[in-house]
Amino acid sequence: RNFQIAANRIEPVAEAECRVRLPRGNCDFQILIDDRPGQPVNAYQTLNDAGRPLLVFTVPLIADARNIDEIAFVMGHEAAHHIGGHIPQTQASAQAGAVAGILLGALIGRGDQSVMDAGAQLGGFVGSRQFSKDHELEADALGAVIAKKAGFNPVRGSAFFDRLPDPGDQFLGSHPPNADRQATVRRAAGM
């Protein structure tokens with residue numbers, strides 16, 4: 001019930017924010033539940049084959065949410081990834097990293113295909129992580145704005161981070177420390 005209420009209120013706000021920031025982008029969000037058995041606590045943003053942005057939530061994430069503000073904040077966060085263009089930016093960085101890795105592998109391995117393949121794989125991984133922490137903080141900030149405009153308390157919603165393992169400040173980690181994320185939400189929400 002909380003999931004549907006949050007979706008009904010977040011979707012129009014997220015679409016309005018998207019149209020302002022991406023006037024030529026596809027802002028027709030579809031919010032879905034991934035009910036496949038065995039899925040972890042997770043939510044993510046992706047695109048369908050036609051380029052429509054999808055906000056997908058696993059059943060364990062919905063069950064783990066302690067209140068509607070947590071669900072709404074996560075929805076706003078995932079919508080913000082689309083609005084921020086994070087998928088194409090990550091793909092471009094990964095491709096650039098892979099090319100650099102191939103070139104380095106060719107120099108080091110003197111044309112050995114296995115060395116170039118390993119270079120491409122490592123370079124792609126490093127490239128994909130280049131902006132990932134920044135993307136998460138950007139999505140936290142805009143997600144807080146979206147949640148607040150939809151009438152939710154994003155600071156209360158960001159308490160969801162308290163139950164996630166804190167990634168700390170790992171080199172090449174994909175997510176920033178939970179405390180940094182909560183501070184970003186408080187600033188963005190003006191709370």
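Helix α1 covers residues 2-21, which is 20 residues. From its first C-alpha to its last it reaches 28 Å, close to the 28 Å expected at 1.5 Å a residue. Keep in mind that this is a predicted model.

The helix does bend, though. Where? At Ile10, by about 30 degrees. A proline, Pro12, follows within four residues of that point.

Next, the residues of α1 that are buried. They are Phe3, Ala6, Ala7, Ile10, Val13, Ala14, Glu15, Glu17 and Cys18. Look at the spacing as you read that list. An α-helix has 3.6 residues a turn, so residues three or four places apart point the same way. You can find such steps here, including Phe3 to Ala6 and Ala6 to Ile10, among the buried residues. Note also that Ile10, where the helix bends, is one of the buried residues.

What covers these buried residues?

Two packed helices are described by the angle between their axes and the distance between the axes. For α1 and α3, the angle is about 30 degrees and the axes are 9 Å apart. The cut-off for roughly parallel is under 35 degrees, so α1 is roughly parallel to α3. The crossing is right-handed. On the α1 side, the residues in contact include Phe3, Ala6, Ala7, Ile10 and Ala14. On the α3 side, they include Ile68, Ala72, Met75 and Ala79.

Is Val74 buried or exposed? Its relative accessibility is 8%, and buried means under 20%, so Val74 counts as buried. Leaving out residues up to four places away in sequence, Val74 touches Ala43, Phe57, Leu61 and Phe160. Phe57 lies 17 residues from Val74 along the chain, and their C-alpha atoms are separated by 9.1 Å.

Last, α3 against α6. Their axes come within 7 Å and cross at roughly 120 degrees. That angle makes α3 oblique to α6. The α3 residues in this contact include Phe73, Gly76, His77 and Ala80, and the α6 residues include His135, Ala139, Leu142 and Ile146. Here too the crossing is right-handed.

To recap, α3 packs against α1 at about 30 degrees and crosses α6 at roughly 120 degrees. Gly76 of α3 meets α1 and also takes part in the contact with α6.

Notes: Residues are numbered from 1 along each chain as its sequence is written. This is a predicted model: local features need pLDDT of at least 70, side-chain atom pairs count only at pLDDT 80 or more; totals for chains, interfaces and linings use all residues. Side-chain values use heavy atoms; hydrogens and water are left out. Helices (H or I, at least four residues) and strands (E, at least two) are DSSP runs, numbered from the N terminus. The expected span of a helix is 1.5 Å times one less than its number of residues. The bend at a residue is the angle between axes fitted to the seven residues ending there and the seven starting there. Buried means under 20% relative accessible area, exposed over 50%, partly exposed in between (1.4 Å probe, protein chains only). Axes are lines fitted to C-alpha atoms, for helices over the stretch in contact, and angles run from 0 to 180 degrees between N-to-C directions. Angles under 35 degrees count as roughly parallel, over 145 as roughly antiparallel, 65 to 115 as roughly perpendicular and the rest as oblique. A crossing is left-handed if the near helix is turned anticlockwise from the far one by less than a right angle, and right-handed if clockwise. Contact means heavy atoms within 4.5 Å.
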